[in-house]
Amino acid sequence: MQATQTAHGAAIIVNEQNRQFHLTNGRISYIIKADEQGTLLSLYFGKAVPDREDFGYLIELAHRPTSTCRIDGDLHYSLEHLRQEYPEYGTGDYRTPAIAVCQPNGSDMVDLTYDGYHVSQGKPKLEGLPATYVDNEDDAATLSIDLVDRLIGLSVTLNYTVFADKPAVARSVVIGNNGADALSVERAMSLSLDLPDSDYDMTEFTGAWSRERHPHTQHLHYGTQQIESLRNASGHFANPVAAFARPGASEDHGEVIGLAFEYSGNFDLHAEVDTYDVTRLQLGINERGFAWHLEPGETFQTPEALIAYSDEGYDGMSRAFHRLVLDNIVRGAWKRRERPILINNWEATYFDFDEDKLVDIARTAKQAGVELFVLDDGWFGARNNDTAGLGDWTPNPARLPQGLAGLSKRINDLGLKFGLWFEPEMVNKDSDLYRAHPDWAVHTPGRHMNHGRNEFLLNFANKDVVDNIYGQMSRLLDEANIAYIKWDMNRFVSEGYDVTRGAEHQGEAYHRYILGVYDLLERLLQRFPDLIIEGCASGGGRFDMGMLYYTPQIWCSDDTDAIERLKIQYGTSYFYPLSAMGAHVSVVPNHQANRITPIETRANVAMFGTFGYELDLNTLSEEEFGKVRSQIEFFKRYREIIHTGDFHRLVSPDGNEQAAWMVVSRDRKTAIVGDYRILLTPNSRYMRLHLRGLDENAQYRVSCTGASSIDGAAFTGAELMRIGMVSSDGSYGEMGDSEPLGKASDFSSRLFVLTAE
Ligand code: GLA
């Protein structure tokens with residue numbers, strides 16, 4: 001037996017004789033074994049167990065009639081029934097395979113057997129792809145297991161990284177062609193895991209424009225339940241994450257397994273339950289539209305998938321993913337760093353602005369305490385509406401007579417940083433770029449080109465295209481003082497094809513496009529390391545762990561209505577931390593929902609995110625302006641906690657009465673609770689919020705931004721967590737009687753700050 005254990009506690013215990021691998025960190029165990037046939041088996045993933053020399057007793061070799069069997073004369077060993085780590089199709093397993101590789105003779109069957117392993121400290125990079133990393137080699141250990149199909153010269157290396165301080169494992173796969181003939185990889189999952197039973201509730205996060213990432217839960221049933229994207233973006237419709245919870249699991253107890261994909265293109269996340277109740281979880285690039293041509297000597301690297309385990313309910317799962325994002329995904333200057341409070345002109349002006357109007361908005365925002373002014377769409381080329389200009393990244397002199405250098409200087413002189421909107425991947429037909437390079441737009445030769453919002457994708461699989469856009473963007477970043485970019489992407493792919501490559505490479509077009517996007521992001525960040533890039537895709541249409549590697553914050557949704565945002569941000573929080581969620585206060589009636597909510601509530605929701613404003617503050621009354629100023633002061637005081645603390649969901653906005661959530665500083669000395677009324681129920685029930693994550697022995701002093709009878713009182717953490725924090729008074733109280741505490745109304749809200757004494 002051989003163990004590699006890092007100083008911080010990530011361990012890989014290898015029993016060479018039994019070909020058994022046990023990844024553990026004291027919180028989780030992931031146990032894998034190559035059996036005598038060389039099949040790589042899943043033995044266990046879950047809460048940590050002590051190691052034992054041989055977990056082989058977990059392998060089930062029952063004789064089941066009608067099975068296809070591996071060993072002559074033996075009726076027990078069937079791949080159909082073994083729980084595997086990287087299954088194939090064609091050798092008797094009739095479930096969905098993890099891999100398929102087409103060969104010169106037309107067969108796509110592979111037959112993989114164990115061929116060795118390698119263990120290292122730390123976490124290797126994935127060339128050209130986003131991936132988790134560690135700052136210190138002791139923070140993780142990585143196991144690589146080699147599988148081989150000797151007949152066709154195929155090698156498959158499965159990489160597993162266990163993190164020292166998180167109940168999580170990262171997986172990815174490298175597929176190599178060591179044979180004499182070209183091969184075509186037609187399916188290559190990043191993660192495949194067989195679980196011994198199917199008693200799980202699957203929660204996925206589906207939606208559409210303006211209502212992204214709403215959680216939906218259903219119990220697993222026989223057959224396949226799948227979420228996917230074929231839009232070559234993760235999309236508004238399904239997010240590449242899912243939770244699998246034991247029935248009855250709640251926010252703070254019960255077992256939950258979470259899966260997340262660090263990739264921004266087409267994906268397939270599914271759970272397949274066979275009639276023996278075995279569950280196969282798979283996550284990877286969608287096989288539709290994918291085929292990777294491998295010449296002899298070439299390799300293909302899959303994106304990375306993350307799997308986390310919690311025995312502390314959904315909350316524990318969320319904490320694992322939030323900390324992975326904060327510690328192991330977000331990089332560079334903006335890692336665990338407070339983000340500037342911004343004002344964005346989109347909803348304030350849309351396309352109707354000139355330089356003076358922008359400066360006017362910025363000046364007043366500065367007086368309110370805002371730190372960054374962001375100029376949205378419409379500043380470039382012939383972009384006076386959304387039919388022209390994309391691709392021509394030069395300032396429009398009619399709007400910006402002094403160019404970006406002039407505008408950014410005026411903004412900087414006010415004491416604000418300057419930020420700028422781009423949609424780097426797109427082109428309008430009405431643009432100089434398209435007129436010069438019509439073949440740069442993604443299209444299939446001879447076919448009609450469908451548009452989305454009058455725009456077309458640039459073929460980011462073509463390096464010349466990426467170089468051109470890099471040239472245009474970096475020139476502007478050199479010329480003007482630009483601290484922030486909003487990176488938008490407003491349409492999904494159609495007629496996907498790469499005219500720069502031959503027929504055998506067409507299955508690569510979608511993935512190469514995404515690699516081109518990552519390449520451009522990486523090159524800009526290398527050259528301008530202090531730049532903050534905020535992701536965006538018609539709101540939250542590309543909100544994923546892959547983008548977060550480059551863009552530490554992402555615009556959550558074009559829907560800025562506070563009540564809709566409660567649902568969107570609540571759903572988003574299952575996998576993504578508050579520092580990742582772009583959230584702004586906008587005008588009422590709201591432009592998407594036509595709803596009127598108080599300015600307090602708009603801010604009380606947006607503060608649980610990367611906070612900003614998206615309106616012209618000059619249009620507010622003096623009283624409202626004063627409120628904005630206090631909101632900004634409040635946020636500045638607590639933003640470090642909001643952006644790096646632990647978030648807990650308390651009451652789901654799914655009902656129509658109340659929603660609540662909270663964030664606690666890592667030292668547990670300060671907490672902020674957001675308590676939201678949705679619709680008023682007159683003479684409503686008595687309410688308490690059961691807080692989480694506090695120090696049970698500490699005494700917390702309560703201060704409330706609205707009216708509350710407990711304002712100024714102190715309670716122990718134990719009381720607040722077990723008995724609960726009384727929240728049914730003040731704006732929740734009986735209407736007539738509680739006048740001194742303020743009247744309740746639809747859409748009212750309060751923040752409670754709890755400070756340990
Ligand atoms: C998308 C974005 C918006 C805004 C507009 C500009 O819809 O999501 O925030 O930037 O584009 O055209």
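Modeller: Start with a strand pair: strand E32 (residues 646-651) and E33 run antiparallel and are joined by five bridges. Strands (E, at least two residues) and helices (H or I, at least four) are DSSP runs numbered from the N terminus, and two strands pair if DSSP finds at least two bridges between them.

Biologist: What should I know about the source and the numbering?

Modeller: This is a predicted model, in which local features need pLDDT of at least 70 and side-chain atom pairs count only at pLDDT 80 or more, while totals for chains, interfaces and linings use all residues. Residues are numbered from 1 along each chain as its sequence is written, and side-chain values use heavy atoms, with hydrogens and water left out.

Biologist: Is E33 (residues 658-664) buried or exposed?

Modeller: Seven of its seven residues are buried, so E33 is largely enclosed by the rest of the structure. Buried means under 20% relative accessible area, exposed over 50% and partly exposed in between, using a 1.4 Å probe and protein chains only.

Biologist: Which way do the E33 residues point?

Modeller: Gln 658, Ala 660, Met 662 and Val 664 point one way, and Ala 659, Trp 661 and Val 663 the other.

Biologist: New topic, helices. How do the axes of H10 and H11 cross?

Modeller: The axes of H10 (residues 599-606) and H11 (residues 622-644) come within 10 Å and cross at roughly 20°. Axes are lines fitted to C-alpha atoms, for helices over the stretch in contact, and angles run from 0 to 180 degrees between N-to-C directions. H10 and H11 are therefore roughly parallel; angles under 35 degrees count as that, over 145 as roughly antiparallel, 65 to 115 as roughly perpendicular and the rest as oblique.

Biologist: Last one: where is Ala 308?

Modeller: Ala 308 is in strand E21 (residues 304-310), and it is buried, with a relative accessible area of 0%. Ile 285 is 23 residues from Ala 308 in sequence and 19 Å away in space, C-alpha to C-alpha.
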